[in-house]
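Subject: Handing over the two-chain model

Dear colleague,

Please find the structure below, as promised, together with an account of what was found in it.

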Amino acid sequence: MNVSEVERREHYLNVNYGIRSWLLTTDHKRIAWLYLLSVTLFFFIGGFFATLIRLELLTPQGDLVQAETYNKLFTMHGVTMIFFFLIPSIPAVLGNFLVPMMIGARDLAFPRLNLASWYIFILGGAFTVMAAAAGGVDTGWTFYTPYSSIYSNTHVVLTVVGIFVTGFSSILTGLNFIVTIHKMRAPGMTWFRLPLFIWAHYATSIIFVLGTPVIAITLVLVALERIFRLGIFDPALGGDPVLFQHLFWFYSHPAVYIMVLPAMGVVSELIACFSRKRVFGYSVVAFASLGIAVIGFLVWGHHMFVSGQSVHAGMIFSLLSFLVAIPSAIKVFNWTATLYKGSISYDAPMLYALGFIGLFTIGGLTGLFLATLGIDVHVHDTYFVIAHFHYIMVGGSVMGYLGGIHFWWPKMTGRRYPEGWARLAALIIFIGFNLTFFPQFVLGYIGMPRRYHVYPPEFQVLNVMSTAGASILAVGYLLPLTYLIWSLRYGTVAGRNPWGARGLEWETPSPPPTENFERTPIVTEGAYAYEKAPEEISTVGRPAHV
Amino acid sequence: MNLGFPLFPEQASTMAARVDALFYFLVAVTVFFAALIFFMIVVFAVKYRRRSEDERPRPIEGNFWLEILWSAIPLGLTMVMFVWGAIIYFDIYNPPDDALEISVVGRQWMWKAQHPTGQSEINELHVPVGQAVKLTMTSEDVIHDVFLPAFRVKQDVLPGRYTTLWFQATKAGEYPLFCSQYCGTQHSGMVGRVVVLEPAEFEKWLSGGATGLSMIDQGASLFKRFGCETCHGAGGTSQGPSLAGLFGKTVKLQGGTTVTADENYIRESILDPRAKIVAGYQPIMPTFKGLVSEEGLLQLIAYIKSLEGAERKAAQK
């Protein structure tokens, strides 16, 4: 197939043109693009805040920005990255694009609701950007009371409204995925033939629907106390400040799994494709996702071991936190076992997937330190925690996201990115990431508290290492931005299935037609049938797998 | 090896070595498993690299016993971590009875401490080596946190209630004190130091620059000034329950419930007297909210605790 053929054939990108055709689209694939552009923008805004934080921390003195500005920087970095990049990234971009295609559906169950989700997301984002433009917010992304509800003089309400609104976008996306996965699977696509990407998104959707309302209500309560002085969290008004922490973490701990479960789903697809093997222990990996989603709701108190909650509550939360670590460990072992006797190639998506396993392993294992009560008391609220959750969220989620973007880029655009550059970028990100965050484990154990604008001079050397790593990381993130945009015009034509991958999304042309499949596929076997040659697996145009 | 900067924090309390031992155990387990995973990935990635485009490896569905094995081993190891960590945690938050008590009040953005003998200090804490010290802490505004890295202990300091932290220093010297719960603009300036002195030095420090009045005496004078004696005193009207010997006792409340008379109960009874009414008394006590400072409350509590001592002394005679 040559270039002109791609352009002549009608597909979802050229079916119609103009800004209206994008802003009023109900095609899940186009909505995925709307999300892709928005979350990329938020990622680089959040990255800009991170850059200033790392520059400030080059020296122990507060010489680049004022204390108040520094506090706003880390708050806006956290708020932007968590609520406007990490939470929507994989589900709203890759999930939106792939959930219908992987199960052989034409679209999500509620296409207009899907578009509404994006507008709600943008509306929430607009409030938060307004808050930033109006002077920012300085409470930390955790909004701990009574600082956030009474004492802070910054734009707490505006920010909180932004997050509240955006939450509805998550809830609606979750709802849409759950209904779609239940009701719209193609004939023969039984639950245990689903790709693990779908299982991961199903588990994530459950958290979206059950968890997000809790954070929404909690943030409304903060706003009510701030505006009307209702005594909910401030003891001076008769409230309880620790109540806020319970409510906040009841959502925000599961939110960590919102960020990492979809990445696990991506990694399962990548490992299978680039080692040409079925995922080892498919059903164990699938149930591990659900296990994480369920137990993840019962561990919130591990954020509060030093908050003054009872020692016995601390012990129960510690025990449950260890239990939630087991399914993650099982997944890592299964991915590793998938490589055994495989046929492994080192294309860029695979490099990201292997990077994910390495960094997620370190992130997960250091989580054990935090679940261990006697150690958490010492490292709580230090850079050890910062390092740990960046290993999970950046080392895990962002590596998974980038791996997925590279893997499905040919499907989304019809073109291939330059492989050499992509491998180089993956390598740079891996090195830059470790140099940025590994020293922070040491910083934390020697006692550097988080959210410190100025710090004792003995912490400087490790901070300089971290900032040096961050500049390498920045280069690593700018590279894909550049070559992926370049590839839209100059990339070689991808063809239907450039990776020799299995899965319904690869059986339709790249880019796919608006209706995804010319005829509804009929599925006769489970995911990851890599032992069969591509010719043995059918193509779109006649019923699949028959 | 001296790199010019520390890679490990100083060990200066009885808890430090215990926490570090557990830390080393976790480091060992973690390094082992991380190395195992990395080693397997590298070996597999090299050994099973794609040699020809036509390779179709035979599928492996999984292995039940392997799944059991790699679920059970991590489960067993994490349970060791859990129990070991819980024991240390329990000890970190259960101070010995003979601990030296010091009151700490945090506010944006400073630490105020008062010793039983009356000495006050700001952003410093003088303590003796070899003796358990218990901090009873509260905040005047937002949540703060006392973090003593060299002692491996930490506790949030909450407004509106008391939390406690204890440690026993093992080495004389100066150690950093950080606020580790984000508390606003000058959060990173809310730092101080713990000065650990030899017992003799500490006695000398206590007697130097003394303010004269102990916390109990200061509490007694507040007790008079606010007219608490009228209802709660020995020669009073007995409209309120007697406070002698109250501390640590179980109090019967209206409605049949009971409460232990600890610092938080006394604090609440002063600031919000109608929250818990003692059985047999009328809810007539006015609130002292806004009238008495956090330091004053701690002094009043010290005084009320001392009333127990007086009763015991009488009983001993």
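A crossing of two helices is called left-handed if the near helix is turned anticlockwise from the far one by less than a right angle, and right-handed if it is turned clockwise. By that convention, the crossing of helix 4 of chain A and helix 8 of chain A is left-handed. Before going further, please note that this is a predicted model, in which local features need pLDDT of at least 70 and side-chain atom pairs count only at pLDDT 80 or more, while totals for chains, interfaces and linings use all residues. Residues are numbered from 1 along each chain as its sequence is written, and chains are lettered from A and ligands numbered from 1 in the order in which they are written.

To stay with the helix pair: two packed helices are described by the angle between their axes and the distance between the axes. Helix 4 (residues 67-103) and helix 8 (residues 196-228) of chain A pack at about 125 degrees, with 10 Å between their axes (axes are lines fitted to C-alpha atoms, for helices over the stretch in contact, and angles run from 0 to 180 degrees between N-to-C directions). That angle makes helix 4 of chain A oblique to helix 8 of chain A, since angles under 35 degrees count as roughly parallel, over 145 as roughly antiparallel, 65 to 115 as roughly perpendicular and the rest as oblique. Helices (H or I, at least four residues) and strands (E, at least two) are DSSP runs, numbered from the N terminus. On the side of helix 4 of chain A, the residues that meet helix 8 of chain A include A:Pro91, A:Gly95 and A:Leu98, and their counterparts include A:Phe197 and A:His201 (contact requires C-beta atoms, placed from the backbone, within 7 Å). By class, this contact has seven nonpolar, three polar and no charged residues (Ala, Val, Leu, Ile, Met, Phe, Trp, Tyr, Cys and Pro count as nonpolar, Asp, Glu, Lys and Arg as charged, and the others, Gly among them, as polar).

Between the chains, 70 residues of chain B are in contact with 74 residues of chain A. Helix 2 of chain B gives the most to the side of chain B that touches chain A, namely 14 residues, and that side divides into 43 nonpolar, 15 polar and twelve charged residues.

Chain B itself is divided into domain 1 (8-46 + 62-212) and domain 2 (215-316), with bounds that come from an automatic or database domain assignment. The centres of these two domains of chain B, taken over C-alpha atoms, are separated by 32 Å, and their contact takes eleven residues from domain 1 and nine residues from domain 2.

Chain B also holds an open sheet of five strands in the order 4-10-9-6-7, with mixed pairing (two strands pair if DSSP finds at least two bridges between them). Strand 4 (124-128) and strand 7 of chain B stand at its edges, each with a single partner strand, so one side of each is left without a neighbour in the sheet. Within it, strand 6 and strand 9 of chain B run antiparallel and are joined by two bridges, and B:Phe147 stands opposite B:Phe178 in strand 9 of chain B.

Another open sheet of five strands in chain B has the order 3-2-1-5-8, again with mixed pairing, and its edge strands are strand 3 (120-122) and strand 8 (163-168) of chain B.

With best wishes

Definitions and conventions:
Two residues are in contact if their C-beta atoms, placed from the backbone, lie within 7 Å.
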